[in-house]
Amino acid sequence: MTDFKTRFKEGKTLTGIFIGDFNAPCIPQILKHVGFDFVIIDNEHGWLSYESIANLVLSAKGCGLTSLVRVPAIERECIQHYWDMGANGIVVPQIYTADDVRKVVRLSKFAPMGNKGLVFFKGNMDYNPLDDKVEFMKRSNTEGIILVQVETTASVENIDSILSVEGIDGIFIGPSDLSSDMGIFGQNNNPVFKAALKKVLNATRDKGMVAGSLALNTEQLESRIKEGCNLVAWNSDLGLFGKSVVSAMNTIQSAAGFKK
């Protein structure tokens with residue numbers, strides 16, 4: 001079991017950010033240096049190429065930062081590529097039922113757990129031609145991280161059966177999509193939303209699985225941790241850059257003698 005898996009199974013709070021727009025390989029290294037635990041490379045709402053994602057995954061692996069890729073669809077092509085690149089795990093959106101989860105597991109695990117295609121000596125094996133193939137397959141099935149997203153009313157209703165599928169490690173809550181699907185977009189303090197969140201988090205905790213979510217500000221971060229999330233993505237590359245340049249411009253404009 002990887003150190004990352006061990007830590008979230010112990011209930012440690014792990015933090016990371018989404019990368020969806022910036023493909024600079026230095027970003028994972030910076031995140032690792034300042035203390036982040038993981039990065040989620042977003043290919044659902046981002047549009048980085050396979051080559052760019054592979055470079056980010058390799059950079060993360062080189063500095064010991066856990067890399068997860070949010071896939072655009074439950075399809076063999078993309079899921080296979082991300083595992084072959086050497087990503088530590090995947091985050092899967094648009095989950096409605098346990099059948100969706102079973103398909104994800106089949107595409108993510110080697111036989112007998114699934115039917116993921118075999119390829120060797122790529123990023124999945126750290127480009128090591130001396131690695132034992134059979135041990136690699138066993139290790140991949142054990143160490144690969146699968147988080148399925150809870151972002152629809154259907155996934156809340158089916159949470160027990162979703163979590164019962166063997167091969168997944170936990171869930172990642174999409175608060176914006178979930179509240180929108182419930183007809184109460186952005187109302188995270190709405191009793192109906194809070195009840196749904198409690199149901200999901202209680203079920204996840206009872207299974208001993210990881211519960212993740214996104215936080216865009218300090219209030220959301222504190223709320224997610226208090227509610228029971230132990231994997232929190234703090235904003236995104238573009239979101240953090242946007243806040244930084246706004247702050248920079250405010251500083252410049254408040255400087256004595258500034259003229260434009």
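A surface patch, as the term is used here, joins residues with over 30% relative accessible area and no salt bridge, nonpolar side chains being linked within 5 Å. In this predicted model, one such nonpolar patch covers about 350 Å² and is formed by Leu238, Phe241, Val245 and Val246. Leu238 sits in helix α12, which spans residues 237-254. With a relative accessibility of 42%, Leu238 is classed as partly exposed.

In helix α2 (residues 26-34), the buried residues are Ile27, Pro28 and Leu31. Viewed down the axis of α2, these residues fall within an arc of 100°, so they line one face of the helix. The elements that cover them include β1 (14-19), β2 (38-42) and α3 (50-63). After α2 comes Gly35, which has a positive phi, near 115°.

Helix α5 (residues 98-108) has its own set of buried residues: Ala98, Val101, Val104, Val105, Leu107 and Ser108. Their packing partners are α4 (76-85), β4 (89-92), β5 (145-150) and α8 (159-163).

A closer look at strand β2, one of the elements covering the buried residues of α2, brings up a charged residue, Asp42. Asp42 has a relative accessibility of 8% and therefore counts as buried, since the cut-off for that class is under 20%. Beyond its neighbours within four places in sequence, Asp42 is in contact with Phe18, Ile19, Gly20, Trp47 and Arg70.

Key:
Residues are numbered from 1 along each chain as its sequence is written. This is a predicted model: local features need pLDDT of at least 70, side-chain atom pairs count only at pLDDT 80 or more; totals for chains, interfaces and linings use all residues. Side-chain values use heavy atoms; hydrogens and water are left out. Patches are made of residues with over 30% relative accessible area and no salt bridge: like charges are joined within 9 Å, nonpolar side chains (Val, Leu, Ile, Met, Phe, Trp, Tyr) within 5 Å. Accessible areas come from the Shrake-Rupley method with a 1.4 Å probe; for residues, only the protein chains shown count as cover. A salt bridge is a side-chain nitrogen of Lys or Arg within 4 Å of a carboxyl oxygen of Asp or Glu. Helices (H or I, at least four residues) and strands (E, at least two) are DSSP runs, numbered from the N terminus. Buried means under 20% relative accessible area, exposed over 50%, partly exposed in between (1.4 Å probe, protein chains only). The arc is that of the directions from the helix axis to the C-beta atoms. Contact means heavy atoms within 4.5 Å.
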